[in-house]
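Please read the following report with the sequence and the model open beside you. The text moves from strands to a pocket and then to aromatic rings.

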Amino acid sequence: MSDVLEVDKLIDDPESRVIVCCGSGGVGKTTTAAALALRAAERGRQTVVLTIDPARRLAQALGLRELGNHPKQVQVEGFEPKGELWAMMLDMRRTFDDMVRVHAGPERAEQLLQNPFYQTISTSFSGTQEYMAMEKLGQLAATDEWDLIIVDTPPSRSALDFLDAPTRLSTALDGRMIRLLTGPAKAGGWGLRKVVNAGFSMFAKAVSTIIGGQLLTDASAFMQAFDSMFGGFRERARKTSELLRSGGTSFLVVAAPEPDALREASYFVERLSEESMPLAGLVANRTHPVLAPLSSAEAVAAAEQLAKGETSAPLAEAVLRLHADRVALADRETRLLARFTRAHPEVPLVRVPALPSDVHDLEGLRDIGTKLATQS
């Protein structure tokens, strides 16, 4: 049997500096991250939440008109936390641009930013969003302005792309196929023709796919300019990877009590273990606890008795049948979660009951935070 996940103990610990919420899409990851951040701020932490979700609902729930690529403090009438709450939404392109300006210097940065190859990879290259999320996390941690950073990771079917992104992106940009582009630029036009004419048609086709049809010379010029900042690029990725494996970081896997979501959660748990990442526990979101000590069979029997009785009681009969359905659903969720805990008995777990409506304000986030911290 898994232990209960003690959320308040996690967010109150002064050694806890980063909490990463991960999981498949559509399980309430963004809302969970925001609710944790709100609760942490109200309990005295200087907290910032980084979301990857482009939907406006989080900004609205926090009482903000919009979220940008830099943290904005949540200041709403009546909201007076012991600490502070800041929030931001990742802008992938602006984060990449800022990174280029930091590492390349003004003149070289301008060359990179105007390059068509760069303009393509900064928005659509595989792994760019995940890498920029890590880049932004590294930036936030380096400032020491906040003592707790909560990250809502991008939803990804391939699970921990967030962790793999620094390696995958730097490998792609430093890979043999793309690095070959550097040679032709140094050799001038003759070198470019030589490469293309020497049986590199498949190579050229692959590169053309990556850059969306832009000339090979754009990619070659990009790699020439990128050389000057590549060391800083990889060093930042290394530092952020170390941060994610440090004692001050915890991962929370968020899942719904459904077969597919729990299969994804199991994969996350296994990958985190393989990568030596510190797992805090599982948040089983949107569960349906039973609200009365009456079995499904008893409820159905009582409903049938009312239906056959002389006195009509359609409302009571309907409530009894709804309760029977609820018990059946709760039993199903319990079996699914029991299967997960048997496979991962070392993973603490907390169940968060489903709300009757979507979260649209601070009170809703506060309600979720309370449920996270109170095992039902």
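How many of the five residues of E8 are buried? Four of the five residues of E8 are buried, and the strand is mostly covered, where buried means under 20% relative accessible area, exposed over 50% and partly exposed in between, with a 1.4 Å probe and protein chains only. This is a predicted model, in which local features need pLDDT of at least 70 and side-chain atom pairs count only at pLDDT 80 or more, while totals for chains, interfaces and linings use all residues. Residues are numbered from 1 along each chain as its sequence is written, and side-chain values use heavy atoms, with hydrogens and water left out.

Helices (H or I, at least four residues) and strands (E, at least two) are DSSP runs numbered from the N terminus, and two strands pair if DSSP finds at least two bridges between them. Eight strands form an open sheet with mixed pairing, in the order E3-E4-E2-E5-E1-E6-E7-E8. At its edges are strand E3 (72-73) and strand E8 (349-353), each of which pairs on one side only. E7 and E8 run parallel and are joined by five bridges, and Val283 has Val350 in E8 as its bridge partner. Strand E6 (residues 249-255) and strand E7 (residues 279-287) also pair in the parallel sense, over five bridges, with Leu279 in E7 as the bridge partner of Phe251.

The largest pocket holds about 330 Å³ of space; a pocket is an open set of points on a 1 Å grid over the protein atoms alone, where a 1.4 Å probe fits, with protein on both sides within 12 Å along at least five of seven lines, and lining residues have an atom within 4 Å of a point. The volume is the space filled by probe spheres set on the points, which are joined across faces, edges and corners. Of the 14 residues that line the largest pocket, Thr31, Arg286, Ser357, Asp358 and Val359 lie nearest its centre. Helix H2 (29-42), E7 and E8 are the elements that give two or more residues to this lining.

The structure also holds two aromatic pairs. Rings of Phe, Tyr and Trp (its six-membered ring) pair if their centres lie within 6.5 Å, and planes under 30 degrees apart count as stacked, over 60 as edge-to-face and the rest as tilted.

| Pair | Centre distance | Plane angle | Type |
|---|---|---|---|
| Trp86 and Trp146 | 5.9 Å | 75 degrees | edge-to-face |
| Phe96 and Tyr118 | 5.1 Å | 80 degrees | edge-to-face |

Trp86 lies in strand E4 (residues 84-89) and Trp146 in the loop between helix H7 (128-143) and strand E5 (148-152), so this pair ties together parts that are 60 residues apart in sequence. Trp146 counts as buried at 5% relative accessibility, and both Phe96 and Tyr118 are buried.
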